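Hi everyone, thanks for coming.

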Amino acid sequence: MTPLMHADGSEPAEETVDVVRETRRGDRRYRIRATYNDEQHVQLDVRIFDDSGATLGRLSGAVDVNDVAASGRAVASLLGAIAAALGQGTVVERLSVGEVRRRHPNAYEPWSPEDEERLTERYQAGASIKRLADEFGRQTGGILSRLKRLNLIATDKTENTSEDVTDFLPDEPARAEDYI
């Protein structure tokens with residue numbers, strides 16, 4: 001890595017990069033701080049504050065410098081997936097079709113009449129959206145879209161509630177490589 005330079009061209013005593021980003025959403029303030037000051041790690045500190053300045057949430061730790069990009073994608077994707085499952089928005093990062101198909105081999109493929117019939121039967125038998133996605137090799141969004149097209153669920157039924165959120169989450173603990 002190239003050493004940082006002061007505006008006057010002199011080198012700092014120690015290479016340090018300190019980046020702070022803050023944003024506000026409603027009555028919450030979010031601050032993310034990343035500090036790099038050695039050859040091995042980037043220190044991260046994420047805090048959420050309310051209007052009075054009280055800390056509502058905190059996440060902190062270190063990431064190996066070689067893993068910063070992949071870790072950032074994994075964390076953004078995982079938090080985005082959880083937010084989507086909780087009905088708080090969509091997944092932040094869009095993956096290429098090839099990347100999606102590594103996990104969901106039939107994603108974006110046309111539906112055959114036989115698959116539509118089997119989907120209808122399995123859904124009416126009580127299979128969860130997550131289970132159907134696994135069985136059909138598709139994303140949960142693809143299953144929901146097809147169920148809407150088949151008039152098996154109304155558009156407003158795709159809004160998640162606390163009761164059906166577990167249908168969207170993986171059965172196994174999350175692994176970063178599943179999201180990158």
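Predicted model: local features only at pLDDT ≥ 70, side-chain atom pairs only at ≥ 80, totals over all residues.

**Helices and a sheet**

Now, α3 itself. Its 12 residues should span 16 Å at 1.5 Å a residue, and the C-alpha atoms at its ends are 17 Å apart, so the two values agree.

Who does this helix meet? Two packed helices are described by the angle between their axes and the distance between the axes. For α3, residues 113-124, and α5, residues 140-149, the axes come within 11 Å and cross at roughly 95 degrees. An angle from 65 to 115 degrees counts as roughly perpendicular, and therefore α3 is roughly perpendicular to α5. On the α3 side you'll find E116, L119 and Y123, and they meet I143, R146 and L147 of α5. By class, that contact has 4 nonpolar residues, 2 charged ones and no polar ones.

On to the sheet. In what order do its 4 strands lie? The order is β1-β2-β3-β4, in an open sheet with antiparallel pairing. At the edges stand β1 (17-25) and β4 (55-64); each has a single partner strand, so one side of each is left without a neighbour in the sheet. On average, neighbouring strands here are turned by 10 degrees against each other, ignoring direction.

Let me zoom in on one pair. Strand β3, residues 41-49, runs antiparallel to β4, and 9 bridges join the two. If you'd like one to look for on screen, L44 has G61 in β4 as its bridge partner.

Thanks, happy to take questions!

Technical notes:
Residues numbered from 1 in each chain as written. Heavy atoms only, no water. Axes fitted to C-alpha atoms, helices over the stretch in contact; angles between N-to-C directions. Parallel < 35°, antiparallel > 145°, perpendicular 65-115°, else oblique. Contact = heavy atoms within 4.5 Å. Nonpolar A, V, L, I, M, F, W, Y, C, P; charged D, E, K, R; others polar. Pairing = 2+ DSSP bridges. Expected span 1.5 Å × (residues − 1).
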